[in-house]
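Hi,

Here is the structure we talked about. Please open it and keep it beside this note while you read.

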Amino acid sequence: MITEVISRVRRGGPDKPEPGMADLLESWHIDMWLLLLLAAVAGAGMFVIYSASGHSIPAVVNQAERFLLGLFVMAVVAQAPPEFYRMLAPWLYGLTLLLLLLVDVIGDHAMGAQRWLDLGFIRFQPSELMKLAMPMTLAAFLHHRRLPPRPLTLLGALVILGVPTVLIMIQPDLGTSMLVIAAGGFTLFFAGLQWRWILGALAAVGAAAPILWERLHDYQRKRILTLLDPESDPLGAGYHITQSKIAIGSGGLFGKGWLEGTQAKLDFLPEAHTDFIFAVFAEELGMISVLVLLAVYLCIVGRCLWIAVRAQDSFQRLLAGALGMTFFIYVFINIGMVIGLLPVVGVPLPLFSFGGTSMVSLLAGFGMLMSIHTHRKLLAN
Amino acid sequence: MALGSIKNLHREREAFLARALFGTFFCLALTGILIARLFDLQVLQSAYFQSRANDNRMRVMPVAPVRGLIYDRHGALLAQNKPAFMLEVVPEQVKEMDALLERLSSVVQLTEQDIARFKDRVRKTPRYRPVPLRNNLTMEELARYELDRYDFRGVDVSAGLTRNYPLGASGAHIIGYVGGISEKELSEAPENTYEGLSLVGKTGVEKSHEDTLRGKSGAKIIEANAYGRPLRELDYRRGYPGRNLYLSIDSKVQLVAEQALGELDGAVVAIDPRSGEVLALVSKPGFDPHLFIEGIDTKTYKALSSDPKRPLFNRALQGTYPPGSTVKPAMAMAGLEYGVVTPEDGVYCRGEMTLPGSSRKYRCHKRTGHGFQDMVGGVMRSCDIYFYELAIKLGIDRMHDSMTRLGLGHKTEVDLPLENAGLFPSREWKLRRRKEQWYPGETLSIGIGQGYTLTTPLQLAQMTARIAMRGKGFKPHVVYATQDAITREVTRVPPEPLEAIELKDNHNWQRVIDAMVDVAHAPGGTATRIGRDSPYRIAAKTGTAQVAAMRQDEKKARSLESTPLHLRDHALFVAFAPAEDPKIAVAVIAEHAGHGGAVAAPIGRQVMDMYLLGEVRYNPGAPAPATSVAPAAAGGHVHSEDLED
């Protein structure tokens with residue numbers, strides 16, 4: 001079966017470009033399927049934001065504006081050919097690294113962590129930019145090199161990966177540093193990193209876990225402990241998880257109905273329209289809708305991997321694959337934390353949660369995916 | 001392309017494809033984990049989480065039932081509910097109590113007394129229950145509080161009802177009062193009994209009929225948000241108001257009794273002998289029941305409870321006094337019943353007597369002696385010598401038996417709390433409690449209602465009522481009827497008959513009653529001053545109970561004025577009227593007030609007047625001549641003696 005898929009990919013796949021709308025969009029370097037899927041998620045998100053924010057129209061408008069801005073950035077990004085991003089990668093990486101250093105020195109504090117950089121006209125998290133810069137830079141770094149990477153190449157890649165990760169970790173922002181590691185890790189994974197290295201790295205992380213535990217901040221440790229037994233501290237750290245589980249569980253198969261979720265409406269669920277929006281969605285619309293949402297997310301990831309598979313050079317392949325997988329990891333970490341499988345880290349549900357710089361950077365990433373996909377075709381033609 | 005030359009593009013692509021497939025499976029596997037968990041939460045445990053969600057949002061807000069009203073037998077209001085805005089604090093929700101009180105005092109007026117009382121109550125109340133801080137907020141205070149209410153976490157204003165007693169101190173001993181529920185009361189009551197309630201009957205009818213007055217708590221199921229703010233009502237569970245009580249008390253009679261007692265300490269009890277209904281029950285001094293409703297502070301409470309006059313003490317059923325001569329009619333009846341005397345048998349009173357083989361003198365209150373006295377004369381003139389002789393003939397055992405049958409020495413089981421059983425001694429009792437045998441001399445003291453004998457005014461009234469009813473009797477009670485507060489349906493509390501006392505010769509009742517009538521109406525009777533102008537015939541007996549023993553060598557009876565107050569005799573009086581058709585039986589005790597005939601009898605007369613005639617017609621007229629002072633004989637000590645005028 002696998003060989004069949006492989007042969008199909010070699011032939012160029014069964015999906016011949018659809019005529020009409022898709023063609024038109026493609027000529028503007030926009031991938032219709034991705035666009036529709038992304039819009040579906042963001043649109044559904046806005047409905048839930050309306051409910052979770054206590055019927056706030058401004059919140060929905062704000063989110064819509066951000067989504068449109070993101071789409072604009074995506075469209076602009078999609079116009080440039082992938083080669084441009086390969087050239088841009090080291091510069092972007094260097095700039096982001098510089099900004100991260102700046103943040104550690106002069107950044108704003110929020111929730112006890114130094115993450116924000118106030119540039120006067122815009123306040124943003126450079127670590128967010130690193131989520132994009134990391135797979136780009138690694139993909140560009142590996143582009144000319146023989147793959148699977150030899151030890152020396154791997155060492156270089158680890159340096160590229162390690163420096164910003166450490167800078168983000170000391171902010172401290174464990175969640176984002178993990179996501180940056182994931183972005184870089186998937187790039188290496190798609191580069192064909194040997195399984196022995198992968199397993200070795202996982203084993204090393206396992207062995208280093210106790211040491212890492214020692215170095216965690218109290219609130220970070222508390223989140224992990226709370227995950228193991230949220231009811232042990234129902235009014236303190238376990239409150240989020242407990243209330244979130246109540247919201248999701250009480251939604252049942254079909255949900256309580258849109259705007260009818262009591263957990264969010266009555267303020268039992270904190271951060272209902274941001275990080276914990278999935279709980280509101282599950283409470284109000286039930287498991288059936290949750291499955292549909294998961295399916296849409298999987299389709300997005302699938303489309304990304306499809307684009308990667310059909311990409312024409314290493315850089316494009318690695319970048320597309322890594323972006324797709326990282327996107328999935330966002331989804332998994334957010335839902336995992338909301339349903340009490342993972343510790344509470346500040347990862348929003350991509351395109352769905354209210355606010356954050358993540359919307360724009362995510363869509364910028366999709367812009368690059370579209371660039372990869374559409375420019376390939378232009379080249380092929 | 002130096003590096004590119006060693007790249008195998010084809011193989012790389014193949015390798016990537018394998019990794020992409022692996023990535024796909026990786027995503028599907030993780031998604032599978034999410035779905036499995038979601039299935040667990042949303043399908044398998046859904047019912048559990050639904051109930052958790054409901055527990056989160058639903059609050060049961062108890063709705064306090066309206067406490068039953070208390071009326072007198074004619075419908076005069078004795079206890080009512082008054083709307084009041086109360087500032088309450090839930091101690092559990094307050095971090096810094098002192099700081100909170102400090103801030104609150106800038107909004108509402110808080111006296112030191114309020115705060116002291118509050119702190120007192122906080123200690124006695126479970127921490128999750130609201131504790132009243134200030135009652136009866138003014139509208140202005142209410143408005144100021146509402147403006148800043150979000151600064152006062154754990155504080156709330158409850159619009160509720162508080163108890164009010166229109167008669168104030170009058171009748172406080174019967175009606176009692178309500179007060180804050182203590183931890184003990186809460187733990188002893190069945191669960192949810194006091195949901196939403198903050199007051200519970202503490203004494204009097206309020207306590208003894210608490211279950212009837214309280215009603216049943218209802219509840220509102222409301223939806224509240226995470227901050228506990230109620231948003232909407234989801235459901236309502238109806239409660240039921242407490243039943244109204246109609247007391248058998250006649251407020252007018254009660255008031256007359258109270259006024260007649262005046263500044264004296266003591267008690268008056270009036271009973272309808274035909275039903276056992278208590279018509280009046282006064283204990284003096286009284287107290288203001290309102291002091292307790294808002295929760296009395298320790299200082300005021302200490303002052304009240306350590307007052308030597310004991311205003312909180314209900315003398316009518318907690319106070320025990322030597323009955324003195326008031327037991328003589330019953331003693332006479334015991335003598336007739338056991339056949340130890342006939343009505344005509346007499347005794348010659350020389351003012352004192354001795355027992356054979358003893359030099360100890362037993363004196364009559366009349367030191368010069370009454371001369372020959374038969375049964376009627378003995379009762380009428382209250383001749384002690386006659387009853388000493390009778391006591392000797394009866395012996396302690398028979399006296400104990402017959403007095404106990406008339407209700408002395410055990411509780412009347414009136415529907416009021418804290419009743420005292422009093423004491424009527426017996427050989428067995430003395431052996432058990434005093435580890436001593438019974439001495440013949442003690443029998444004599446018992447014969448004139450002194451010695452160990454202790455009775456409550458209620459017992460005396462009940463004893464008189466039973467004589468009036470010729471042995472029939474009813475359990476005394478103060479609640480006459482109850483009323484459903486909604487349907488207004490009235491249910492009578494039926495009189496509870498006691499086992500009738502059957503005499504071998506029922507004429508003996510009449511003989512004793514006739515002697516009692518002579519007390520009030522025959523010349524020489526000890527209560528003629530109240531019988532003289534009475535439009536109805538009274539059967540009575542006076543008594544003067546000695547508080548301090550008179551020394552054997554005292555030559556003269558002490559004059560009232562020369563005796564320190566706390567050593568002065570108690571004045572007693574029992575009566576029923578009309579003698580031929582008894583409608584009221586009274587017992588009066590005036591502490592340290594001197595002679596029964598002079599002090600207690602007029603009080604009793606006024607009470608009977610009010611009940612029988614609807615007005616007080618008694619006119620004291622000219623005061624009776626001063627008691628003749630008889631020279632006393634020397635001898636051993638007499639620890640109890642009756643002095644009659």
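Two strands count as paired if DSSP finds at least two bridges between them. Keep in mind that this is a predicted model.

**The sheet in chain B**

Five strands of chain B form an open sheet, in the order E14-E13-E25-E24-E23. Their pairing is antiparallel. Strands of a sheet pair through backbone hydrogen bonds. Which strands stand at the edges? They are E14 (277-284) and E23 (539-545) of chain B. Each has a single partner strand, so one side of each is left without a neighbour in the sheet. On average, neighbouring strands of this sheet are turned by 5° against each other, direction ignored.

Now look at one pair. E24 (residues 570-577) and E25 (residues 584-590) of chain B are joined over seven bridges, in the antiparallel sense. Leu572(B) stands opposite Ile589(B) in E25(B).

Which helix gives the largest share of the lining? H9(A) does, with 15 residues. Both chains take part: helices H7, H8, H9, H10 and H14 of chain A and helix H1 (9-44) of chain B each supply at least two residues. By type, the lining divides into 39 nonpolar, seven polar and two charged residues.

Best wishes

Terms used: Residues are numbered from 1 along each chain as its sequence is written. Chains are lettered from A and ligands numbered from 1 in the order in which they are written. This is a predicted model: local features need pLDDT of at least 70, side-chain atom pairs count only at pLDDT 80 or more; totals for chains, interfaces and linings use all residues. Side-chain values use heavy atoms; hydrogens and water are left out. Helices (H or I, at least four residues) and strands (E, at least two) are DSSP runs, numbered from the N terminus. Ala, Val, Leu, Ile, Met, Phe, Trp, Tyr, Cys and Pro count as nonpolar, Asp, Glu, Lys and Arg as charged, and the others, Gly among them, as polar. Axes are lines fitted to C-alpha atoms, for helices over the stretch in contact, and angles run from 0 to 180 degrees between N-to-C directions.
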